[in-house]
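Reader: Hi! I'd like to walk through this structure with you, if you have a minute. Can we start with what holds the middle together?

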Amino acid sequence: MIRVLLLLLIVVLLSYALWQVLQALRERRRARAAQPAQPGADVDRVAPTDEEDEVDESLFNYAPRPLPDAAAAASAADPQVFQQALELQQLRTELTRLQAQQLAQQAEMAALKDAMNALREQFEANLAGQGVSPEYNEALVLARRGLEAEAIAERCGISVAEAELVRALNRAGGSAQEERA
């Protein structure tokens with residue numbers, strides 16, 4: 001695919017160059033046709049002179065000439081303007097660097113938040129496992145997350161009554177912890 005695109009680009013560039021050459025030749029013909037025939041010109045000349053060998057570059061000047069850049073002229077005239085332009089460029093570079101650094105820090109903060117949430121869940125699971133039968137560890141974690149008794153029973157494979165008991169123990173444990181605080 002890239003080869004095809006490169007070949008296409010080369011073809012376009014070559015056709016543009018050919019078009020430019022044709023334009024220059026057309027302008028040259030127009031210039032010769034516009035010149036009046038010189039009387040007494042030698043028709044029998046055998047070898048061209050040096051003047052005829054040289055290319056008249058005025059024929060290739062069909063494109064408009066670019067105007068000098070006003071900012072470049074002003075900066076050459078006033079060194080303070082140049083200094084300000086340089087300082088502006090440095091500030092823009094610094095701003096770009098700081099924006100990239102901020103994005104990297106935001107990504108790092110998001111990763112740290114995810115890790116902290118994972119550790120919090122792990123801590124809650126460990127806390128739930130203390131003093132509770134291993135059979136009910138997952139049920140207690142789900143109860144702390146606020147799931148209904150039916151959902152806890154379905155996920156853990158226990159009866160609804162057992163799930164309600166786990167939820168009641170969780171509520172009682174939560175209110176006891178709030179009273180201690």
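Author: Happy to. This is a predicted model, and its largest nonpolar core has ten residues: A139, L140, L142, A143, A149, I152, A153, I158, A163 and V166.

Reader: Which helices supply at least two residues of this core?

Author: That would be α5, α6 and α7. The largest share comes from α5, with four residues.

Reader: Which residues of α5 are buried?

Author: In α5 the buried residues are A139, L140, V141, L142 and A143. After the helix comes G146, with a positive phi near 95°.

Reader: And α6, which of its residues are buried?

Author: A149, I152 and A153 are the ones. Looking down the axis of α6, these buried residues fall within an arc of 100°, so they line one face of the helix.

Reader: Which exposed residues sit on the face of α6 turned away from its buried side?

Author: E154 and R155 are the exposed residues carried there.

Reader: Let's stay with R155 for a moment. Why does R155 count as exposed?

Author: Its relative accessible area is 57%, and exposed means over 50%, so R155 passes the cut-off.

Reader: What does R155 touch, leaving out residues up to four places away in sequence?

Author: R155 touches L142 and L147. L142 is 13 residues from R155 in sequence, and the two C-alpha atoms are 9.1 Å apart in space. L142 is also one of the residues of the largest nonpolar core.

Reader: What follows α6?

Author: G157 does, and its phi is positive, near 75°.

Reader: Changing topic to charges. How many salt bridges are there?

Author: The count comes to four. One of them pairs R97 with E94, at 2.4 Å from N to O. Both residues are in helix α4, which covers residues 79–129, and they are three residues apart, about one turn of the helix.

Reader: Which salt bridge does R145 form?

Author: R145 pairs with E121, the closest N and O atoms being 3.8 Å apart. This pair links distant parts of the chain, with R145 in the loop between α5 and α6 and E121 in helix α4, 24 residues apart. Both ends are partly exposed, R145 at 48% relative accessible area and E121 at 44%.

Reader: And what does R167 pair with?

Author: R167 forms a salt bridge with E148, with 3.5 Å between the closest N and O atoms. Here, too, distant parts of the chain are linked: R167 is in helix α7 (residues 160–180), E148 is in the loop between α5 and α6, and 19 residues separate them. R167 is partly exposed at 21% relative accessibility, and E148 is partly exposed at 47%.

Reader: Why isn't R167 counted as buried at 21%?

Author: Buried means under 20% relative accessible area, so R167 at 21% falls in the partly exposed range.

Reader: Last one: among contacts between residues at least 6 apart in sequence, what share joins residues at least 24 apart?

Author: That share is 32%.

Terms used:
Residues are numbered from 1 along each chain as its sequence is written. This is a predicted model: local features need pLDDT of at least 70, side-chain atom pairs count only at pLDDT 80 or more; totals for chains, interfaces and linings use all residues. Side-chain values use heavy atoms; hydrogens and water are left out. Buried means under 20% relative accessible area, exposed over 50%, partly exposed in between (1.4 Å probe, protein chains only). Contact means heavy atoms within 4.5 Å. The arc is that of the directions from the helix axis to the C-beta atoms. A salt bridge is a side-chain nitrogen of Lys or Arg within 4 Å of a carboxyl oxygen of Asp or Glu. A nonpolar core is a set of buried Ala, Val, Leu, Ile, Met, Phe, Trp, Tyr and Cys residues joined through side-chain atoms within 4.5 Å.
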